[in-house]
There are 2 protein chains.
Amino acid sequence: MGFAAYYFLDYLNSLQEKCDVLCIYLDTPVNMDLYDFPYLQMRFAKIDLLNYAAIEHELVSFFPTHIVHLASFSSVAKSWHDPAVSFKNNTNIFINLAEIIRTNNIPCKMLSVGSSEEYGNVPVECIPIKESMPLQPINPYAVARVAQEMMALCYASSYKLNIVLTRSFNHIGPRQRDIFVIPSFVKQVLANMKSNKSSEIKLLTGDISLIRDFIDVRDVVKAYYSLLEKGVSGEIYNICSGKGHSIKSIIDMLSDLLEVKISTAIDEKKIRPNDNKIIIGDNSKIVMQTGWEPKIQITDSLRDVIDYWKQR
Amino acid sequence: MGFAAYYFLDYLNSLQEKCDVLCIYLDTPVNMDLYDFPYLQMRFAKIDLLNYAAIEHELVSFFPTHIVHLASFSSVAKSWHDPAVSFKNNTNIFINLAEIIRTNNIPCKMLSVGSSEEYGNVPVECIPIKESMPLQPINPYAVARVAQEMMALCYASSYKLNIVLTRSFNHIGPRQRDIFVIPSFVKQVLANMKSNKSSEIKLLTGDISLIRDFIDVRDVVKAYYSLLEKGVSGEIYNICSGKGHSIKSIIDMLSDLLEVKISTAIDEKKIRPNDNKIIIGDNSKIVMQTGWEPKIQITDSLRDVIDYWKQR
């Protein structure tokens with residue numbers, strides 16, 4: 001069960017309406033204790049989404065009204081390491097789901113989650129990025145997401161499947177794994193503060209001039225819910241805060257929140273050759289069509305991330 | 001062995017230089033008698049391109065200097081019938097080839113063939129279509145081709161593989177199967193002329209107002225050869241005649257060449273809901289960069305297609 005999936009369930013439970021949920025998961029261990037969601041009647045199925053027959057069996061039996069497809073190999077770095085596996089695990093699992101819905105005539109609404117990575121290198125004059133921006137993916141993960149999106153559009157327009165699409169920007173929040181930039185920083189700083197009595201913490205970073213659009217995962221899952229309610233089939237929606245923060249400014253915020261001086265040094269291994277300098281999304285389409293808007297300020301997200309890692 | 005592959009070998013042989021060729025084929029029967037190419041030292045291997053280990057074994061043993069990847073599930077109609085199979089058989093076989101080349105360090109130049117279908121519905125003011133046109137694929141075959149192309153660009157830009165890309169337009173020529181529009185017409189008219197003594201032939205058609213850019217397969221394979229010689233890695237080239245002909249005008253040409261009156265009637269089964277009205281390509285990029293240009297006039301292609309089907 002992934003990062004976004006946990007928070008989606010948490011949000012669903014907070015609505016205080018009884019709801020049947022089938023969770024299909026693969027290798028993330030499901031700790032049942034963590035899932036204290038009294039309003040959700042939960043069923044768990046450990047199946048590889050590439051296993052068409054097993055997934056078909058589960059879906060025909062459960063007969064969902066909504067599918068939130070949050071499974072993915074979302075690491076760009078991993079996709080460079082094994083592009084074939086990354087591609088198949090992103091694109092083919094989506095096609096399997098869509099084919100099962102189509103051929104079994106399951107009349108459900110499906111959320112196809114994409115990524116801001118699909119845009120690739122965007123000229124500064126096109127920031128903030130609108131959904132109409134032509135796609136120029138520059139890594140295998142991003143290509144797989146574009147292929148998934150284009151297949152979803154075919155299924156929506158020609159097979160009349162009810163599919164709403166997103167391009168989701170950089171997530172932030174407690175429970176995010178420390179292979180991502182912000183939890184990795186928080187973990188490093190906290191560890192250093194514990195062992196180090198000097199007044200300044202040294203942090204190893206990649207390129208801290210990069211500007212990204214971070215959005216709290218708890219706002220993301222509310223956006224997903226609003227799209228399942230009000231999103232138009234065949235339409236693509238940016239899920240983003242609309243605000244850009246440099247990695248440098250995030251480090252400054254951490255420094256303020258933790259009341260510690262942080263100095264940075266470049267770790268060459270963390271520099272990617274073709275990273276976008278600046279990614280900021282335009283969220284006016286989803287705001288206009290659903291009324292959703294991001295609520296959680298980045299400093300509040302950071303505070304919660306710090307609290308989460310303090311408890312580890 | 002497909003339609004374009006046969007003509008590529010034929011052209012290679014016509015250059016009168018000794019050349020070793022490994023032909024990997026799947027289910028098209030290889031009639032060895034047909035392959036009278038004295039300059040080519042040919043080896044045949046019947047392998048499914050999805051079979052990574054078997055292909056890797058052949059390629060490492062043969063160690064090619066050039067790969068012309070002409071295998072595909074090229075039927076748009078078939079891709080609607082079984083999108084998952086169509087997608088895997090187009091995209092995943094390309095990724096397998098690229099991975100084998102990358103991981104075995106085979107220093108070869110590869111041709112990745114795409115399709116004019118990738119462009120989707122193009123506004124009339126953007127005709128003739130340049131390679132810079134944003135892609136809007138509207139069927140699973142086209143999406144698979146776009147995904148193949150975007151993965152090829154990743155392999156070329158980041159792994160530094162030597163890959164030249166095409167978007168090839170509608171082929172015409174003898175030996176093309178009669179599931180395609182022109183051979184299907186020629187076959188119908190010839191059969192009717194034989195059995196029918198009236199002065200007018202009735203032809204069942206789809207939408208004959210559609211305009212397409214037909215290019216003779218013998219010009220196509222010369223373009224592929226010129227790209228293997230002079231094409232720039234990571235660049236995409238339209239392979240097209242640059243001229244548009246309506247299906248109606250093709251029927252008029254057939255009528256003239258066969259000296260018979262042809263009347264048409266719509267077969268509703270042949271109307272596709274989302275066909276592009278007009279597709280004409282701009283070939284100035286490949287013409288400028290390689291000196292190649294299409295030589296065969298459409299009436300000469302049609303005459304050869306008629307001769308071919310007369311001999312059946």
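**Group meeting: a walk through a predicted model**

A:Glu259 sits in the loop of chain A between α8 (247-258) and β12 (261-266). Helices here are DSSP runs of H or I with at least four residues, strands are runs of E with at least two, and both are numbered from the N terminus. Although A:Glu259 is not a glycine, its phi is positive, about 50°. Its relative accessibility is 75%, so A:Glu259 counts as exposed. The cut-offs are these: buried is under 20% relative accessible area, exposed is over 50%, and partly exposed is in between, with a 1.4 Å probe and protein chains only.

Before I go on, some ground rules. This is a predicted model, where local features need pLDDT of at least 70 and side-chain atom pairs count only at pLDDT 80 or more, while totals for chains, interfaces and linings use all residues. Residues are numbered from 1 along each chain as its sequence is written, chains are lettered from A and ligands numbered from 1 in the order in which they are written, and side-chain values use heavy atoms, with hydrogens and water left out.

B:Asn105 is not a glycine either, and its phi is positive at about 50°. B:Asn105 is in the loop between α4 and β4 of chain B. With 61% relative accessibility, B:Asn105 counts as exposed.

Now chain A as a whole. How many helices and strands does chain A have? There are ten helices and twelve strands. Its C-alpha trace spans about 65 × 45 × 40 Å along the principal axes. A compact globule of 312 residues would have a radius of gyration near 20 Å, and chain A has 20 Å, so the two agree. That radius is taken over C-alpha atoms, and the globule rule is 2.2 Å times the number of residues to the power 0.38.

Of the 312 residues in chain A, 53% are buried. A contact means heavy atoms within 4.5 Å. Taking contacts in chain A between residues at least 6 apart in sequence, 78% join residues at least 24 apart. The accessible surface of chain A is about 14400 Å², and carbon and sulfur atoms account for 51% of that. Areas come from the Shrake-Rupley method with a 1.4 Å probe; for residues, only the protein chains shown count as cover.

Next, charges. Side chains of opposite charge can pair when their charged atoms come close. A salt bridge here is a side-chain nitrogen of Lys or Arg within 4 Å of a carboxyl oxygen of Asp or Glu. How many salt bridges are found over all chains? The search of the whole structure gives 24.

One joins B:Glu58 and B:Arg43, at 3.7 Å from N to O. This pair links distant parts of the chain: B:Glu58 is in helix α2 (residues 52-62), B:Arg43 is in strand β2 (residues 40-46), and they are 15 residues apart. B:Glu58 is buried at 18% relative accessible area, whereas B:Arg43 is partly exposed at 35%.

Another joins B:Glu99 and B:Arg102, whose closest N and O atoms are 2.9 Å apart. Both are in helix α4 (residues 83-103) of chain B, three residues apart, or about one turn of the helix. B:Glu99 has 5% relative accessibility and so counts as buried.

The next joins B:Asp300 and B:Arg303, with 2.9 Å between the closest N and O atoms. Both lie in helix α10 (residues 298-310) of chain B, three residues apart, again about one turn of the helix. B:Asp300 is partly exposed at 33%, and B:Arg303 is partly exposed at 40%. In chain A, salt bridges that share partners join A:Glu118, A:Glu149 and A:Arg167 into one network.

Which residues does B:Leu257 touch, not counting residues up to four places away in sequence? They are B:Thr299, B:Leu302, B:Arg303 and B:Ile306. B:Leu257 itself is in helix α8 (residues 247-258) of chain B and counts as partly exposed at 26% relative accessibility.

Last, the prolines. The peptide bond from A:Ile127 to A:Pro128 is cis, with omega near -5°. A:Pro128 is in the loop between β4 (109-115) and α5 (140-158) of chain A. In chain B, the bond from B:Ile127 to B:Pro128 is cis, with omega near -5°. B:Pro128 lies in the loop between β4 (109-115) and α5 (140-158) of chain B.
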